[in-house]
Amino acid sequence: MTLGLFAVISVNAQKVKNVIVMIPDGCSIAAVSTARWTQWNNDPAKEHLNIDPYLCGTVRTTCSNAPIGDSAPTTSCYMTGYLGLAGWVSTYPTANPKNDIYPLDASKEYQPLTTVLEAAKQLYGKSTGLVFTCEFPHATPADCSSHSYNRKKYEWIAPQQAHNDINVVIGGGTNYLSDESERYLREKGWGVFRDNIEGMRRFEGNNMWSLFCSGSMPYELDRDSQKYPSLAEMTDIAISKLNTDEDGFFLMVEGSQVDYAAHNNDPASLVAEFLAFDEACKVALDFAKRDGNTAVVIVPDHGNSGLSIGRRDLGNYAGTPMDGLFGNLKNYHASCEKIARELNAAPFEEVQDIFRKWCGFTLKDREMDALKNNLEYVNSPIAKEDRKPVREYNFQLSRMVAQFMTDRTGLAFTTNGHTGEDVFLAAYHPDQSKRPYGMLTNVELNHYLCSLLGIDHSRLDELTARNFVPHTEVFDGMKYEIRPGKQVTKSKVTDPVLVVKGSKATLTINPFTNQVKVGRKTVDLNSVIVYVDKNNTFYVPRQLREMCE
């Protein structure tokens, strides 16, 4: 592939001690503009966002075979330098010659790909961290620290993340940290906290997992600050712990629910989530400027929702003042999801009170009719079988609430899905002349991240060739077998096990961890082991042959 101008940027990028990558998931440039305008409209002293002085270009994000991506392949590309298929997490894609953006090597299909986070740890002994507001096995944090052709296979992804020895993990998803993973972390000396904000704050150790909520954390508009930390606080805690490592650190911070709000077409939550992310960026940027040896790269993984400032029915759009476009957003104090939950929990007679409380308006007759005919509305006075959804509001309940909110602004959405426009790029480097400028591809952005670590992208390939080798190659000529998983319940089967009988010892290899048994002894590896059922292959480090031969 052609790198063009980026080749010069890559060569000139100066190595730094610490790298912080900030990702507002699913964030279009229009979302940034809306957040900036809304902030300014609400407070005349705040005309600029914290990221504004560091905006320097755009990035084209894409799947391996389509221009519009989802979070799995897009951040995977930032982390590995390879385009991926929708839903694939840091794994080499299957080829689709008719549609592939760049030619692919069919011999590498399903190959786990080493990430920048893994390289920072393995090559330089740097500490690593992940901060986010979704559940931890969700696509973006998973892209940094695990490998799977199916982003929904949390049972494959979560144990890899625990066994990848990430020093600091703060975010959502208590339900996905298994007893085995928690036991492993505690035995290795990690502090583990579940829904314990004070425990997280008081913990004096440097290695920590702190998780909140069974899945994702609350939207910023709905967040109880007594129970749940802000993204800015989580970022600050992560940096303070990682910065104790003399070798430096790599940290990824995700504003996860910018994407969720965009999917919901919820304008108030979209603004609140981005502004919360912008505050986290300030924490990272302030640290970088004090430290003098830290680079910060701020970039969304893809666009979402087709947000527009202005819409067809606005009338005199050039004569619509700032408050006419954004003014009502300051009256919205809850997410559309919270309002929908309250509507379903309260009697029908309280509908207008709920909207008055959280949005500062009451429903018009047409809107009230749409609500009563919504199939998800539990307390409608109309029997479900008699409801006739109103065409322009024929959405799920939370999405309908979001439409009521949007209608009172000058905004519009074209979709509740992802979009393919370029995303913004902002960056800070101790030597600002070493920032990336112009339009980069997502592949080129990975090369820039590699250069910040002082490595060429080929070093990622070398690590992949060392750590993720098909077991058929590593144990060629030796006796081995893959023992199928056992049926535990009607719906659950354990993972298969690879058993290798060598002249020196027998290896028992379980997938999705960094541990193998050499005879009766458990040995910790520096990389996780991945099993792919599609080709019935374990991807293991080359060094395993030496352990048993």
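Two strands are said to pair if DSSP finds at least two bridges between them. In this predicted model, strand β4 and strand β6 (residues 208-212) meet that condition: they run parallel and are joined by 5 bridges. Within this pairing, V168 has M208 of β6 as its bridge partner. Strand β3 (residues 127-135) also pairs with β4 in the parallel sense, over 4 bridges, and V131 stands opposite I170 in β4. Of the 5 residues of β4 (residues 168-172), 5 are buried, so the strand is largely enclosed by the rest of the structure.

These strands belong to an open sheet of 10 strands with mixed pairing, in the order β5-β6-β4-β3-β7-β1-β8-β13-β2-β14. Because β5 (191-194) and β14 (438-441) stand at the edges with a single partner strand each, one side of each is left without a neighbour in the sheet. From one strand to the next, the twist averages 15°. The pairings with counted bridges are as follows.

| Strands | Sense | Bridges |
|---|---|---|
| β4 and β6 | parallel | 5 bridges |
| β3 and β4 | parallel | 4 bridges |
| β2 and β13 | antiparallel | 4 bridges |

Helix α4 (residues 116-124) lies across β3 and β7, at about 155° to β3. Helix α11 packs on the sheet, touching β1, β7, β8 and β13, and its direction makes about 165° with that of β1.

The largest nonpolar core has 130 residues; M22, I170 and F274 are among those that touch the most other members. Helix α11 (residues 267-291) gives the most to this core, with 11 residues. Apart from it lies another core of 31 residues, including A505 and I529.

Definitions and conventions. Residues numbered from 1 in each chain as written. Predicted model: local features only at pLDDT ≥ 70, side-chain atom pairs only at ≥ 80, totals over all residues. Heavy atoms only, no water. Buried < 20%, exposed > 50% of the residue type's maximum accessible area, 1.4 Å probe, protein only. Helix = DSSP H or I, 4+ residues; strand = E, 2+ residues; numbered from the N terminus. Core = buried A, V, L, I, M, F, W, Y, C linked by side-chain atoms within 4.5 Å. Axes fitted to C-alpha atoms, helices over the stretch in contact; angles between N-to-C directions. Contact = heavy atoms within 4.5 Å.
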